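Take a moment to look at the chain as a whole before following any single part of it.

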Amino acid sequence: MGLIKAISGAIGGVLADQWKEFFYCDAISADTLVVRGQKQITGRSSNTKGNDNIISNGSVIAVADGQAMAIVEQGKVVEFCAEPGEFKWDSSTEPSIFAGSLGTSILDTFKAIGRRISYGGDTGKDQRVYYFNLKEITDNKFGTANPIPFRIVINEELGFKLSADLRVSGVYSYKIVDPILFYTNVCANVTTEYRKNEIDSMMKGELLTALQPALSRIAAKGIQYYEIGAHSTEVRDELSAELNTLWREKRGIEIWSFNPSSLTIPDEQKKKITEWEENAMTLNPNVGAARIVGATSDAMRTAAGNEGGAMNGFIGMNMAQGVGGATATNLYAMGADQPVVPANAWTCPTCGKSSTGKFCAECGTKKPEAKPANAWTCPTCGTVATGNFCPECGTKKPAADGAWTCSCGQVNTGKFCSACGAKKPEADESWTCACGQVNKGKFCSACGAKKA
């Protein structure tokens, strides 16, 4: 059995009289994922009393843009087509597949799931035509019922970080990229149509679960919570990586776009972040002095309007200054003693001089390339890498002292995984006996020797 692409214009005339039925699907609505095809029997057809679940040899099946079509026999996909056009059903040929824009991956799925072989070239007892919506499925709203912990960097150089309770809401879209997987693992034999509301709640729950580790990796890149909207493509890529097993590999679905419309944290946390940012600024003596001058100006205006008289107000202000520690004059002096270092300055590893260009102004040494915080040098080929494996030779990243590898593949040194947040497994208390037996108790299970 198989599909043969019809020649343009061949539906008219004698050839059209030989085709028993005509299967076609009108435009699929935006909230419909799968529709069962219906026979469109015309007056010219010689088969007006055929079984609805039998596709007569020589029937025509039309596929429109933005659609894919599958022929299911006895509950198993036996034919598939994602190319627009008209196709003739021929039960005497071998199964064929027209992947269209879905690429070669659909071929692998077709082979992996398998196809039913017809009974001696004849049709089976139950044959159906299904049409799949390949367009972007939009307007899927989401919102976090519980806040997501989000790390906020106040001062990266000094390691000042705070955790905020982030709430996110917005819309996302997805596409069916492997209709065979979707049919096999999700909708199966649909009576008339399969709509997106039948799977929405499950997908939304899985997306919100994947959102936490995805945002953790976004935060690790130094992106602030209010900047997430401008990095929606990166968030989508992180979500796609998290959802690959559940959505792509099992259901043939991929997230297509992610648009957060609301990103909020509690007001008290906003206030705390602002205070920490202002305090971090005062680490610079000149900034601290400027803030003292501004505060003093405000205090002088308040003292001048003191109800007990301006003199009493200024006396109180002077007393406060006396116990307040450093004065603006002292801080400005400290700032003057510190050399002004340009933000793009670097120290030459050869002569030790400070430069701002790409080459040392003193000896001509090229500026060393900055390495990411998680960079490591491959012990085999010397390539600088950032992942868990060398991109040049494939050597695995050496484990640091005390390092452990999470089930997600991330190498960590702390108590929690920096990628997915999983807790470090408890230390293995096993020991090896002199006889070679590995044990966990106090005595060897092989020879009875006591643990040293």
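The model is predicted, so local features need pLDDT of at least 70 and side-chain atom pairs count only at pLDDT 80 or more, while totals for chains, interfaces and linings use all residues. Residues are numbered from 1 along each chain as its sequence is written, and side-chain values use heavy atoms, with hydrogens and water left out.

The secondary structure of the chain comes to 9 helices and 23 strands, where helices (H or I, at least four residues) and strands (E, at least two) are DSSP runs numbered from the N terminus. Of its 452 residues, 35% count as buried, a word that here stands for under 20% relative accessible area, with exposed meaning over 50% and partly exposed lying in between (1.4 Å probe, protein chains only). Contact means heavy atoms within 4.5 Å, and among contacts between residues at least 6 apart in sequence, 59% join residues at least 24 apart.

Helix α4 covers residues 200-220, and its 21 residues reach 30 Å from the first C-alpha to the last, close to the 30 Å expected at 1.5 Å a residue; the expected span is 1.5 Å times one less than the number of residues. Even so, α4 has a kink of about 30 degrees at Leu211, shortly before the proline Pro213, the bend at a residue being the angle between axes fitted to the seven residues ending there and the seven starting there. Leu211 and Pro213 are both among the buried residues of α4, which also include Asp200, Met203 and Glu206. After α4 comes Gly222, with a positive phi near 85 degrees.

What does helix α5 span between its end C-alpha atoms? This helix (residues 232-251) spans only 24 Å, whereas a straight helix of 20 residues would span 28 Å at 1.5 Å a residue. Helix α5 also bends by about 75 degrees at Leu243. Leu243 belongs to the buried residues of α5, together with Ser232, Val235, Glu238, Leu239, Trp247, Arg248 and Arg251. Gly252, which follows α5, has a positive phi near 70 degrees.

The next step is to see how these helices are placed against each other. Two packed helices are described by the angle between their axes and the distance between the axes. Here the axes are lines fitted to C-alpha atoms, for helices over the stretch in contact, and angles run from 0 to 180 degrees between N-to-C directions. Helices α4 and α5 pack at an angle of about 140 degrees, with their axes 8 Å apart. They are therefore oblique to each other, since angles under 35 degrees count as roughly parallel, over 145 as roughly antiparallel, 65 to 115 as roughly perpendicular and the rest as oblique. The residues of α4 that meet α5 include Leu207, Leu211 and Pro213, and those on the α5 side include Leu239, Leu243 and Trp247.

Helix α3 (residues 179-187) has Pro179, Ile180, Leu181, Phe182, Tyr183 and Cys187 as buried residues. The axes of α3 and α5 come within 7 Å and cross at roughly 105 degrees, which makes α3 roughly perpendicular to α5. In this contact, Leu181, Phe182, Asn185 and Val186 of α3 meet Arg248, Glu249, Lys250 and Arg251 of α5. Ala188, in the loop between α3 and β14 (193-195), has a positive phi of about 50 degrees although it is not a glycine. At 35% relative accessibility, Ala188 counts as partly exposed.

Leu33 is found in strand β3 (residues 32-36) and counts as buried, at 0% relative accessibility. Leaving aside neighbours within four places in sequence, the contacts of Leu33 include Tyr131, Ile176 and Phe182, and Phe182 is also one of the α3 residues in the contact with α5. Ile148, in strand β12 (residues 148-155), counts as buried at 4% relative accessibility. Its C-alpha lies 9.9 Å from that of Thr209, although Ile148 and Thr209 are 61 residues apart in sequence. With neighbours within four places again left aside, Ile148 is in contact with Ala164, Asp165, Leu166, Leu211, Gln212 and Leu215, and Leu211 is where the kink in α4 lies.
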